[in-house]
Structure formats: structure tokens, C-alpha cells
Amino acid sequence: MFTGIVTEVGNILAIEDKGDRHVTISCAMDPAKIAIGASIACSGVCLTVVDKGGVAGEGWFAVDVSGETVSRTAPEQWTVGAPLNLEPALKLGDELGGHIVTGHVDAVGEVVGVCPEGASLKFGISAPKELAPYIAAKGSITVNGVSLTVNEVADQPDGSCHFALNIIPHTAQVTTLGTLAPGHKVNLEIDVLARYLKRMQSLAAQG
């Protein structure tokens with residue numbers, strides 16, 4: 001379980017084919033405090049640490065990424081040098097600063113527009129039709145592992161939707177979101193509460 005509050009940005013150092021993709025990621029975390037088997041969200045994807053090394057400030061950890069995970073996430077993130085938003089799993093007693101995030105990507109969206117709005121950046125992102133019913137203005141959504149609030153939603157004729165987000169300067173600087181441009185693919189995870197409400201609504205309609 002995560003909160004969508006990114007603690008740092010790491011980079012993919014190496015990718016090896018070991019049946020699955022064996023991915024080594026740089027981090028500033030102290031490797032001595034990273035447990036083998038621990039979960040770390042990598043741009044919104046919950047992955048399990050299988051190896052680690054280095055020292056605090058210049059550490060690294062390795063994860064195995066299945067073909068299924070690669071096929072259901074933004075393809076650009078699985079390349080050497082790609083930056084990743086990192087967040088260790090939530091511990092009992094930690095502050096829930098964002099919203100409840102599972103680290104299970106629901107779909108890949110696409111940035112359709114970026115423009116300045118004051119000191120912030122306003123992003124327009126398209127979401128596929130299977131996610132559209134779960135996205136609402138003032139609701140929460142996770143984009144590349146970052147907990148964000150939806151400003152507005154515009155439904156599209158094909159059943160998909162475009163939604164808008166405001167990214168403040170701090171978020172743009174400490175995550176990968178500040179580097180996004182139109183055409184970039186992003187990992188989307190809907191609010192878990194929206195998922196349950198949709199399910200309840202479906203059951204009520206059947207009754």
C-alpha cells in the first residue's frame with residue numbers, strides 16, 4: 001500500500017533478460033534499510049526488491065518485471081536511463097499524505113496538452129473508456145505514482161475522457177511530471193474508493 005507521495009526520482013541503470021526483465025534502479029535510499037522482498041512503487045507500479053547494493057545517497061535496488069506488467073504500463077519507462085518516481089511501501093503509523101494507492105496500474109493514459117497556469121502547469125490527459133466512469137472532478141487519481149486531484153473532466157464521444165490536473169512547481173521539480181509533454185504515455189490508477197462505489201452501483205442496478 002502507498003500514498004502517492006513520491007520520495008525521490010531514480011533512474012534505470014540496467015535491464016537484463018532473465019525470462020522476466022531484471023531491472024536495476026538507482027536510488028538515494030540507504031540500501032541497509034531496504035529489505036529484500038520489500039515493495040517499492042516505481043512510477044506507480046508496485047515491484048518487489050530482489051537485490052540491492054551501494055551506500056546511502058548512491059544506492060541501487062533490483063526488481064523483476066514480468067511481461068504482463070510491461071504490457072500494461074507506459075512502455076517508455078522500461079528503458080535504460082528512464083527516470084522513475086519512487087515510493088517505499090506505507091508503514092503502520094506513517095502519515096497518509098496523499099490517498100490510498102495500491103500500486104496496480106489500471107490503464108495507460110496519454111498527455112494531450114500542457115500549458116502554464118500561473119506558476120503551475122495545467123495538464124490534459126486522456127483516459128480510456130474503461131476508466132472514464134471512475135474519474136470525477138475533485139476526485140483523486142494517481143499518475144505515474146503521484147497522488148493528484150482531478151480539476152475537471154470532459155467526456156469524449158467514443159466513451160473515453162480527458163481530464164485536467166494542475167501541477168504545482170514543487171511537484172514538477174521533485175517528480176518526473178515536470179518533464180511530461182504531449183504524446184507521453186502515463187500510468188493511471190483510479191481511486192480505490194471510486195472502484196468500490198462503481199461496484200456497489202452496479203450491484204444496486206442489478207437488484
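User: How many bridges join strand β2 to strand β5, and do they run parallel or antiparallel?

Analyst: Seven bridges join β2 (residues 20–27) to β5 (residues 58–65), and the two run antiparallel. Strands here are DSSP runs of E, at least two residues long, numbered from the N terminus, and two strands pair if DSSP finds at least two bridges between them. This is a predicted model, where local features need pLDDT of at least 70, side-chain atom pairs count only at pLDDT 80 or more, and totals for chains, interfaces and linings use all residues. Residues are numbered from 1 along each chain as its sequence is written, and side-chain values use heavy atoms, with hydrogens and water left out.

User: Which residue in β5 is the bridge partner of V23?

Analyst: V63.

User: And what joins β4 to β5?

Analyst: Six bridges, with β4 (residues 45–55) antiparallel to β5. G54 has G59 as its bridge partner in β5. The hairpin of β4 and β5 has two residues between the strands, and G57 there takes a positive phi near 95 degrees.

User: Switching to the cores. Which residues have the most contacts inside the largest nonpolar core?

Analyst: I125, I135, V143, F163, L165 and L188, in a core of 24 residues. A nonpolar core is a set of buried Ala, Val, Leu, Ile, Met, Phe, Trp, Tyr and Cys residues joined through side-chain atoms within 4.5 Å. Buried means under 20% relative accessible area, exposed over 50%, and partly exposed in between, with a 1.4 Å probe and protein chains only.

User: Which strands supply at least two residues of this core each?

Analyst: β7 (107–117), β8 (120–127), β9 (140–143), β10 (146–149), β12 (161–167) and β13 (185–190). The largest share, four residues, comes from β12. Apart from this core lies another, of 20 residues, with I25, M29, V63 and A82 among them.

User: What is V143 in contact with?

Analyst: Leaving aside neighbours within four places in sequence, V143 is in contact with I125, L148, L165, L177, V186, N187 and L188. Contact means heavy atoms within 4.5 Å.

User: How many cavities of 30 Å³ or more does a search of the whole structure find?

Analyst: One. About 30 Å³ of space lies in the largest cavity. A cavity is a set of points, on a 1 Å grid over the protein atoms alone, where a 1.4 Å probe fits but cannot get out; lining residues have an atom within 4 Å of a point. Grid points are joined across faces, edges and corners, and the volume is the space filled by probe spheres set on the points.

User: What lines the largest cavity?

Analyst: F123, I125, V143, L148, L165, I167, L177 and L180. By class, the lining has eight nonpolar, no polar and no charged residues. Nonpolar takes in Ala, Val, Leu, Ile, Met, Phe, Trp, Tyr, Cys and Pro; Asp, Glu, Lys and Arg are charged, and the others, Gly among them, polar.

User: Now the loops. Is S43 buried or exposed?

Analyst: S43 is buried, because its relative accessible area is 3%. S43 is found in the loop between β3 (39–42) and β4. Its contacts, leaving aside neighbours within four places in sequence, are Q77, P83, L84, N85, N144, G145 and N187.

User: What about phi of N144?

Analyst: Near 50 degrees, a positive value in a residue other than glycine. Most residues other than glycine have a negative phi. N144 lies in the loop between β9 and β10 and is buried, at 7% relative accessible area.

User: And K138, buried or exposed?

Analyst: K138 counts as exposed, at 64% relative accessibility. K138 lies in the loop between β8 and β9, and its phi is positive, near 75 degrees.

Definitions and conventions. On a 1 Å grid over the protein atoms alone, a cavity is a set of points where a 1.4 Å probe fits but cannot get out, and a pocket is an open set with protein on both sides within 12 Å along at least five of seven lines; lining residues have an atom within 4 Å of a point.
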